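Please walk me through this chain by question and answer.

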Amino acid sequence: MGFKDLFITKEEQPSVNIMPDYDDPEPTLDYLEKVSTFESVTPDANFINDVYNKAGLSDLSRSIFKVEEISATLPNTLPEDTLRQSIIGVLSSFNLSVSDLIYDGKSRLDNVETCRSEAETDYNNQISNNNDQIESLKRKISDLEAENLNITESKNMMNSAAYKEEGRINKLITFINPSNNKEEV
């Protein structure tokens, strides 16, 4: 026993199995809720944060991400098993159980997948509606182009008839008034 051992007492950490027993019922945590609809989440750069906020999963202090946070503080040269056991020991000192964190992780996975799937469906519906509108507008453009052709044909026929009538009237005026003084008529 060394000099430091006289003043420092070591607490034995119980060995914790990192693999949860899936026969045990999953813990129920009040802060874990499932997002019910995609409409409450904004599909932009903050999509993931919105999913977690709407699901009540914004508290990262008791989340699966605590594993990542603790891991970043430990030497990356530790063997994987040692790193795992060290992380589990630190988690235990924070009163965080592996099964709660796994449940949190599964809840996050479920929420992200649900919202992603609903968002994708919503986007696909928007794209489909836009494509339908595009096709409708293409038909409308085609109809308007055909209508313009008919209008142009009618205009040309009207102009032809008008020019013919104007010529006929001018001939009659010239016949009855050879001086070609149209103003006297």
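Student: What should I know before reading the values?

Tutor: This is a predicted model, where local features need pLDDT of at least 70, side-chain atom pairs count only at pLDDT 80 or more, and totals for chains, interfaces and linings use all residues. Residues are numbered from 1 along each chain as its sequence is written, and side-chain values use heavy atoms, with hydrogens and water left out.

Student: How many helices and strands are in the chain?

Tutor: Helices (H or I, at least four residues) and strands (E, at least two) are DSSP runs, numbered from the N terminus. The elements run α-α-α-α from the N terminus. The count is 4 helices and 0 strands.

Student: What share of the chain is buried?

Tutor: Buried means under 20% relative accessible area, exposed over 50%, and partly exposed in between (1.4 Å probe, protein chains only). The chain has 185 residues, and the buried share is 18%.

Student: What distance separates the end C-alpha atoms of helix H3?

Tutor: H3 covers residues 80-93, which is 14 residues. The expected span is 1.5 Å times one less than the number of residues. That gives 20 Å, and the end C-alpha atoms agree, at 20 Å apart.

Student: Which helices are included in what covers the buried residues of H3?

Tutor: The buried residues of H3 are Leu83, Ile87, Ile88 and Leu91. They cover an arc of only 135° around the axis, so they sit on the same side of H3. The arc is that of the directions from the helix axis to the C-beta atoms. The cover includes helix H2 (65-73) and helix H4 (98-176).

Student: Against which helices do the buried residues of H1 pack?

Tutor: In H1, Phe47, Asp50, Val51 and Tyr52 are buried. These buried residues pack against H2 and H4.

Student: Which residues form the aromatic pair?

Tutor: Rings of Phe, Tyr and Trp (its six-membered ring) pair if their centres lie within 6.5 Å; planes under 30 degrees apart count as stacked, over 60 as edge-to-face and the rest as tilted. The whole structure holds 1 aromatic pair. At 6.3 Å centre to centre and 55° between the planes, the pair is tilted; its members are tyrosine 52 and phenylalanine 65.

Student: Which residue's charged end sits over the ring of tyrosine 52?

Tutor: A charge sits over a ring if NZ of Lys or CZ of Arg is within 6 Å of the ring centre and within 35 degrees of the ring normal. Here the charged end is 4.5 Å from the centre of the tyrosine 52 ring, and the residue is arginine 108.

Student: Which residues does serine 63 contact, leaving aside neighbours within four places in sequence?

Tutor: Serine 63 lies in the loop between H1 and H2. Its relative accessibility is 0%, so serine 63 is buried. Contact means heavy atoms within 4.5 Å. With those neighbours left aside, serine 63 touches Leu101, Asp104 and Arg108.

Student: What is phi of asparagine 95?

Tutor: Most residues other than glycine have a negative phi. Asparagine 95 lies in the loop between H3 and H4. With a relative accessible area of 64%, asparagine 95 is exposed. Its phi is positive, near 60°.
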